[in-house]
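This briefing goes through one protein model by topic. It starts with a pair of helices and then turns to the chain as a whole, the sheets and some backbone details.

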Amino acid sequence: MPMRRRRTRRRMPTCCSRFPMIPAACCASDSCSSISGVMAACTEPGGVRAMQRIGPVRRRHPLLLLAALVGVAASHGEAAAPVAVDDLQSSQHWVQVSEPPPSQPGGGDDSQVAPQDVLLEVSADTEAPYVQARVRYRVRVLARVPLRNATLSAPQADGALLRRVGGDRRFDVEVNGGRYRVSERVYVVVADRAGPLTIMGPTLSAAVPVRALQGGAADALIERRAVIHRSAPDLMLDVRPPPAAAASPWLPAESVSISEHWQPEPEQARAGEPLERRIVIEAAGVGTSAIPPPEMPAVPGLRVYPQPMDHRRQEIGDDLSLTTTLTQTIVPTLPGVLTLPEVSVPWWSLGMDAAREARLPARDLVVAEGLGPAAAETTAVDAGKRWRQRFRERAAADLWGPPGLVLGLLLGGLATLVLWLRGRRRRSAAAEAGPAGTQASDMSAAAWVRRFRRACDKDDPVAARAALTGWAGVQRGHGGTRRGLSAALHARGAGEAVLALVRELDASVYGRRSAVAGPWRGRALMTALLPLMARSKDTDTNAAAPELPPLFPARLPPRQDGRA
């Protein structure tokens, strides 16, 4: 009987078992367990011809066909890829796939993007600015194709300060019949010295989808991109020195305003009472970081104590503004009409290219009668230190605010409770330790009576209670406890009034005595107890005890019935 040859079934790779529509030639590697693995396997030599015929594509694997087609396009050479869906099949077409340029494998080059598709422009407000005057430097990116992963470097300049202001603005504009999407970025340039100034333009790096260049949709799942680089031209500025007509100090700006605020109002001025004057100078479009203080001549009859100037810089849109506050404490020393001089701030208008001046008009200050000269001088010194006192008050308020106050109260209450418990424990130990101590068995009742008398004379409730407990401890048949003391007193004929005085003593010792009753006084208790305690001399434990009768008497007394 002829033996049948057993046919061995070839084990298919993982990708072929998961996706049966891929030919086996594309499954040359067992590592193609994903779409990326299928693409890598189908781009190998031998996988190109195998992809010429693709089996029916199942509806549940729509991305697999895309991966197979991309694998054919990614390989170089000739390939045919007919597509079959259910019972329909496309005709066979041969596609010639060429290799990408060596410089950018797998993507487009910069030559595919026309220069007019992406533009990079720079401009300045003026090409002849003044020294220390701000100049707005604008960078615009105009693109009529979508950009991916775009980065823009910062401009550079030697001898000038560059600072970016505001955020990027995006808008649409039409240039030469084409519509562009514009992204604008603004920098502020402040030249440090006069002379030529070169601002090196920034560089733009981005990627453009190739399908967008060909007029297709730019949101494909897998897209090829062309990397582009655009460099803006350098911009030359001729920085001018301050003009001869400009005042000193030199302050170029777009606008400058000055105002004042009083606290209290100047109409309430009195001699010796301080007034607070705040002069606020606001400048827009400035490149400097501080405004020089204005000149303010002295006025007879006024003492002026200036505080440090406060400079606050902020961004308003795509420009810079500077606010300077000058605070003065003014103390009139003489009554009458005192004239405050005019306050002026000279500046140079960049818009008008002319000298301007911001003025605060003069003011007549009517001062009424008030404190004397000596008191006025003292008040002036205190007013000059007012800002230090405000700082201390604010610091104290921050430290001892509501949370700090609550914490302090809790700590104080806890400390009070601990001290009270310790005192009560000590008093209890002193009151109970008397009869239990080593001296209780050695001291006589008379010694305890003397101690009790001294404690009552000193109005010391703790010592008096300890003496009473010790006295009760040496009595026969009574222990040195509260019950033992009560029993000893009852045995000596103590009435309810005496026991009430003893309970009052206990209340003073153990903290149950009301604070309204006042401190404890020992004279009443001493007067009531000393007579009772004096009766206990014959019951002293140290005294000799009477003899007991004999256990076996020698002779019994005669009986009444006459019997022996």
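In this predicted model, helix α9 (residues 445-457) and helix α13 (residues 523-534) have axes that come within 9 Å and cross at roughly 165°. The two helices, α9 and α13, are therefore roughly antiparallel to each other, as angles over 145 degrees count as roughly antiparallel. The protein chain as a whole holds 13 helices and 24 strands.

**The chain overall**

- The protein chain has 564 residues, of which 36% are buried.
- Among contacts in the protein chain with a separation of 6 or more, 68% are between residues 24 or more positions apart.

**Helix α9 and its two partners**

- Two packed helices are described by the angle between their axes and the distance between the axes.
- The crossing of α9 and α13 is left-handed.
- On the α9 side, the contact with α13 involves V449, F452, R453, C456 and D457. On the α13 side, R523, L525, M526, L529, L530 and M533 take part.
- The residues of this contact of α9 with α13 comprise eight nonpolar and three charged, with no polar ones.
- Helix α10 (residues 461-473) also packs with α9: the axes come within 8 Å and cross at roughly 165°.
- Helices α9 and α10 are therefore roughly antiparallel to each other, and their crossing is left-handed.
- From α9, the residues in this contact are A445, W448, V449, R451, F452, A455 and C456. From α10, they are A463, A464, A466, A467, L468, G470 and W471.
- The contact of α9 with α10 divides into twelve nonpolar residues, one polar and one charged.

- Strands of a sheet pair through backbone hydrogen bonds, either parallel or antiparallel.
- Strands β5 and β6 run antiparallel and are joined by seven bridges. L120 stands opposite V141 in β6.
- R140 is found in strand β6 (residues 134-143).
- Is R140 buried, exposed or partly exposed? R140 has a relative accessible area of 33% and is therefore partly exposed, given that buried means under 20% and exposed over 50%.
- Not counting residues up to four places away in sequence, R140 touches L119, L120, E121, F171, V182, S183 and E184.
- The C-alpha atoms of R140 and S123 are 8.6 Å apart in space, while the two residues are 17 residues apart in sequence.

**The three-stranded sheet**

- Another open sheet has three strands in the order β15-β22-β23, and its pairing is mixed.
- Its edge strands are β15 (252-253) and β23 (354-360), each of which pairs on one side only.
- Strand β22 (residues 343-349) pairs with β23 in the antiparallel sense over seven bridges.
- V345 has A358 in β23 as its bridge partner.

**Backbone details in loops**

- Most residues other than glycine have a negative phi, and most peptide bonds are trans.
- N176 is not a glycine, yet its phi is positive, at about 55°. N176 is found in the loop between β9 and β10 (178-191), and at 81% relative accessibility it counts as exposed.
- D353, also not a glycine, has a positive phi of about 55°. D353 lies in the loop between β22 and β23, and at 37% relative accessibility it counts as partly exposed.
- S248 and P249 are joined by a cis peptide bond with omega of about 5°. P249 is in the loop between β14 (235-239) and β15.
- A cis peptide bond also joins Q263 and P264, with omega of about -5°. P264 is in the loop between β16 (255-263) and β17 (275-284).

Technical notes
Residues numbered from 1 in each chain as written. Predicted model: local features only at pLDDT ≥ 70, side-chain atom pairs only at ≥ 80, totals over all residues. Heavy atoms only, no water. Axes fitted to C-alpha atoms, helices over the stretch in contact; angles between N-to-C directions. Helix = DSSP H or I, 4+ residues; strand = E, 2+ residues; numbered from the N terminus. Parallel < 35°, antiparallel > 145°, perpendicular 65-115°, else oblique. Left-handed = near helix turned anticlockwise from the far one by under 90°. Contact = heavy atoms within 4.5 Å. Nonpolar A, V, L, I, M, F, W, Y, C, P; charged D, E, K, R; others polar. Pairing = 2+ DSSP bridges. Buried < 20%, exposed > 50% of the residue type's maximum accessible area, 1.4 Å probe, protein only.
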